[in-house]
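Open the model in your viewer and keep the selection panel at hand. The tour goes from a cavity to ring pairs, then to charges over rings.

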Amino acid sequence: MMLLQILPDNFEQILPALRPWVDTIGSSAVSEALGSVFAEIEVFHLLGLFMLAGSMILVCLRLIGVGLVEESASSIWRNTRVFLHIGVAMVLITGLMIGTSNADKLYTSVAFLVKMISLVAAIIFTYLVTAPVAKADGAAGGQAKIAMIFALLIWAFSLVLFISKVGLNPGMFHILMAGALMVLATTLGKTRWTFAIGLALALLVWQVLTHTVLAETEAPESLDAYMLTNKVFMYLCGAWVLAFALLSILGKGGPRTSTAFMKTVGYASVLVWVTVAAAGRWIAFAS
Amino acid sequence: MLHDFIVWVESQWGVGQTIFQRSFSDALEQSWNFWSLVEGTHVLTLMLFFGTIMMVDLRLMGLTFRQTPVSVLSERLLKLTVVAFLILVATGVLLFFAKAEDYYHNFWFRIKMILLVAAMINIYVFHKVVQKNQAEWDTAPSPPMKAKVSGLLSLAAWCVIIAAGRFVPYPDYHCGTPQPEWVNAFANCAESSKGAARLDGSIIGAEGY
């Protein structure tokens, strides 16, 4: 609990010296001009995200041993890398524009802080881990493994922030569901059915509890029960997804053509970008 | 009649059966987290949907995976696209349900729906016409013009659908705000609770309509 209390809430807490600069940007003509086309810029921000996601999904599924198995990972990387680069460039450039038009909101947003931390992890993963591993069809040099440890640690930190911040932590549901979809795509037969049925049951019981049983009363105590139920089920579903993802990575109930390392890279590379996207979406909801 | 049904769904259906006596629609719209999670799921699922369909469309246009047969790429990726599409439809229906009248009279929402139908027609035409002789060009690095056009139309349609979806919540072209007559007519604003506001300041319809 004390550890959670020392975690930062936003960039203003970490970099308070930037406040005058943020205020200057916020009152500038450039900020006003960009604000007038905010929606249009956002469209390109999203399209860039979806474009890079397409590349990452194809490469990562192949690293895991599913998807476009007729092609090697290096072939898929060659065919999709230009769209990855364009997508990353689009999100970064439009992101700067959005930030300029919205400086104060982002400076004080915990979701934006999580997004930026996970973005660092995502860039390291994509270019220093996934790219070299895919280009080498699964072989990994020492540099890629070291980069992966750093990226995983940074990503883990962003997830700790995500889970611990009230108002933001419901957004973890998106990462959980993305993980669930990956498990469904990468497991076979009984393993897949066991996973799917277990998750479906958990989600059903969760929704019944929070929308009927616990929704029966307007008493303040019901809010505590509601929040506790959300936490319990989020952790339960998270553990379920993680357990089956590990099973899949270790080659049980899924394809055995890839190594555990390749599968870990595949899973993490997609989910770290989902973390970036989920945190980005929750900038509006968590404020 | 459709408008009346939508108003009933949004304001009446479920009243008395939910906490605070709200309708089901209002309960969803005013939920603590559920609506946000549905909306977030809708947007994030586009990573899977657009990411995969983009690759298939680019292959049809001969711009990537030129050494991979179109049938192989389609067979491997379109399963994922369909799963994503089903999630998009389910979440889309819930989102519409939460603010039915607003969306029904929303300019950009109507554009989105029209283009969605156009994209479906394009898919149908592709399967019925373009794909008929696919065996002849399946492995060609550069597919024939009809396949390229189909891929281009598909990609363009989905880009505009995404753009239109992003514009929906912004106040431009909303009923009740002064705008050109053709916008009011397209969104049928005169029938809505906010009315059709003209550029000269007059309003047709609105509450008490």
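How do the residues of the lining of the largest cavity divide into nonpolar, polar and charged? They divide into 6 nonpolar, 1 polar and no charged. Here Ala, Val, Leu, Ile, Met, Phe, Trp, Tyr, Cys and Pro count as nonpolar, Asp, Glu, Lys and Arg as charged, and the others, Gly among them, as polar.

Before going on, note that this is a predicted model: local features need pLDDT of at least 70, side-chain atom pairs count only at pLDDT 80 or more, and totals for chains, interfaces and linings use all residues. Residues are numbered from 1 along each chain as its sequence is written, chains are lettered from A and ligands numbered from 1 in the order in which they are written, and side-chain values use heavy atoms, with hydrogens and water left out.

**Stop 1: the cavity**

Select A:I57, A:L58, A:L61, A:G67, A:L68, B:L77 and B:L80, which line the largest cavity. Helix 5 (38-64) of chain A and helix 4 of chain B are the elements that give two or more residues to this lining. Helix 5 of chain A gives the most, with 3 residues. Helices are DSSP runs (H or I, at least four residues), numbered from the N terminus. The space inside is about 30 Å³. A search of the whole structure finds 1 cavity of 30 Å³ or more. A cavity is a set of points on a 1 Å grid over the protein atoms alone where a 1.4 Å probe fits but cannot get out; lining residues have an atom within 4 Å of a point. The volume is the space filled by probe spheres set on the points, which are joined across faces, edges and corners.

**Stop 2: ring pairs**

Over all chains there are 24 aromatic pairs. Rings of Phe, Tyr and Trp (its six-membered ring) pair if their centres lie within 6.5 Å; planes under 30 degrees apart count as stacked, over 60 as edge-to-face and the rest as tilted.

Select A:F195 and A:F244. Their ring centres are 5.2 Å apart and their planes at 55°, so the pair is tilted. A:F195 is in helix 11 and A:F244 in helix 12 of chain A, 49 residues apart.

Next, take B:W13 and B:F97: edge-to-face, 5.6 Å centre to centre, 85° between the planes. B:W13 is partly exposed at 40%; B:F97 is buried at 17%.

**Stop 3: charges over rings**

Select A:K145, which lies over the face of A:F261, 5.7 Å from the ring centre. The cut-offs are NZ of Lys or CZ of Arg within 6 Å of the ring centre and within 35 degrees of the ring normal. Finish at B:R110, over the face of B:Y104 at 4.8 Å from the ring centre.

Note on methods. Buried < 20%, exposed > 50% of the residue type's maximum accessible area, 1.4 Å probe, protein only. 1 Å grid on protein atoms, 1.4 Å probe; cavity = no way out; pocket = protein on both sides within 12 Å on 5 of 7 lines; lining within 4 Å.
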